[in-house]
Amino acid sequence: MERYSLSLILLFCMGLMEPQLAAKISLVDTDLDVQIAEISSGSILKQLLWGGLFLFFLTKHCLNTRLLAEGKRFSAAMVLFLLICLVFFISALWAAYPGISIKRTIFQLIFVFTVMSSTLYCYQHGLIGENIKYAAYSAFFLIAVSVLLGTAFHPNGDMVGYAKGKNALGMNMLCLTLMLVLLYKSMNIKVRNISYLIALALMVLLLSHSKTSMFILLLFVVLSQLSFFTQRWIVTSLFVTCVSLFIVYPSYVHYFGSMDNMLTIVSDETLTGRGFIWNTLYYDLHHFNKFGLGYGYGSYFGVPVLPYFFDNRFSFIRFISSTHNGYLDMLLHVGTTLSLCIMYIFLKVAKFIKDKYIFAALILPVVHNFTESSVVKDDSMVWFFTIFIISYSCIKGDYDAKNRLAR
């Protein structure tokens, strides 16, 4: 478990444990499918995997307290991430569905703790590269199976493979590509045939036609050629801009503007209809005066009752199960002040990254969170990737500091 837990987590986050090898469906049907799944109690496989890994690593840490005590950066990052979970626990006090808020917060606590712990122990055993390699082989195997079954492509020509949609497959391949590149560029970990694995991941990414993923990859390539100072300035500025645009400005309009101003924040046609979803959510927050504390973590979508302004049987919007914007999602969960506190925590943990290639990879969660709710969101591959690269940076920093002291 210590040596190969990271592979198990990757298999789950990439959807490889429950592959979708049947004929693929539309985006609206996928959203409805996700909504039904969220209302249900979750799969037995998910409960056994995460519950078992959590108890295993909790026991290991209790038996080996020195490992955490020596990892100053790692322990600090874990405390900061778990502080986000504490904020979500507190939000259950005013949530309309406190049971759902607590349940989803407990999963986030387990997820953060388990991903960070598995990264720590895999690093100790020197097997991070092996774990990522096995996950890559598994992904390519299932993609090959879907091709043989004739279900690899959507009718419009996009490759979907074992995933439910092209964007899911594209994001999996993007995360896999970046992890393989970081193994080679930053971690100095030798993996056999790594160049072929990267080439395969890029080929599948291109065949998926996921424009967002390809755009993020291009941004990573450009950023990785810049100095660390320039990278930090660009990524931080972009993050602050997104927070200002989707959290600060709408909150200002709510408290000092009018309902008409609220509907002019973005156009309804923005990003293939996402603007209409965002405007509906901002209107909802304004109408019910929820900008202060939000609805409570996980207590808006995926609850027994459809949100008031989404309950329209003549519109596609009744099937939507996500904000499709992680910054707005945070505002919806815990309101303006607590959202800004959580965003500040992300700025703090980002400072633990000292390698230019790993810091450039932060462009993934910053930009992807603009179009999808992907950070602090269930077992999202983007959320896993964010925790993983920060955990690795902290562990590497602690290890280097320990070696310097030993000399």
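User: In which helix is the place of His61?

Analyst: In this predicted model, His61 lies in helix α3, which covers residues 44-63.

User: What makes His61 count as buried or exposed?

Analyst: The relative accessibility of His61 is 5%. Buried means under 20%, so His61 counts as buried.

User: Which residues is His61 in contact with, leaving aside its neighbours within four places in sequence?

Analyst: With those neighbours left aside, the contacts of His61 are Leu68, Phe113, Ser117, Leu120 and Tyr121. Each has heavy atoms within 4.5 Å of those of His61.

User: Why is Leu223 called buried?

Analyst: Leu223, found in helix α10 (residues 211-224), has a relative accessible area of 5%. That value meets the criterion of under 20%, and Leu223 is therefore buried. Not counting residues up to four places away in sequence, Leu223 touches Gln231, Ile234, Val235, Ala360 and Ile363.

User: How many disulfides does the count come to?

Analyst: The count is 0 disulfides, where a disulfide requires two cysteine sulfur atoms within 2.5 Å.

User: What is the relative accessibility of Cys122 and of Cys394?

Analyst: Cys122 has 0% relative accessibility and therefore counts as buried. Cys394 has 0% as well, so Cys394 counts as buried.

Definitions and conventions:
Residues are numbered from 1 along each chain as its sequence is written. This is a predicted model: local features need pLDDT of at least 70, side-chain atom pairs count only at pLDDT 80 or more; totals for chains, interfaces and linings use all residues. Side-chain values use heavy atoms; hydrogens and water are left out. Buried means under 20% relative accessible area, exposed over 50%, partly exposed in between (1.4 Å probe, protein chains only). Helices (H or I, at least four residues) and strands (E, at least two) are DSSP runs, numbered from the N terminus.
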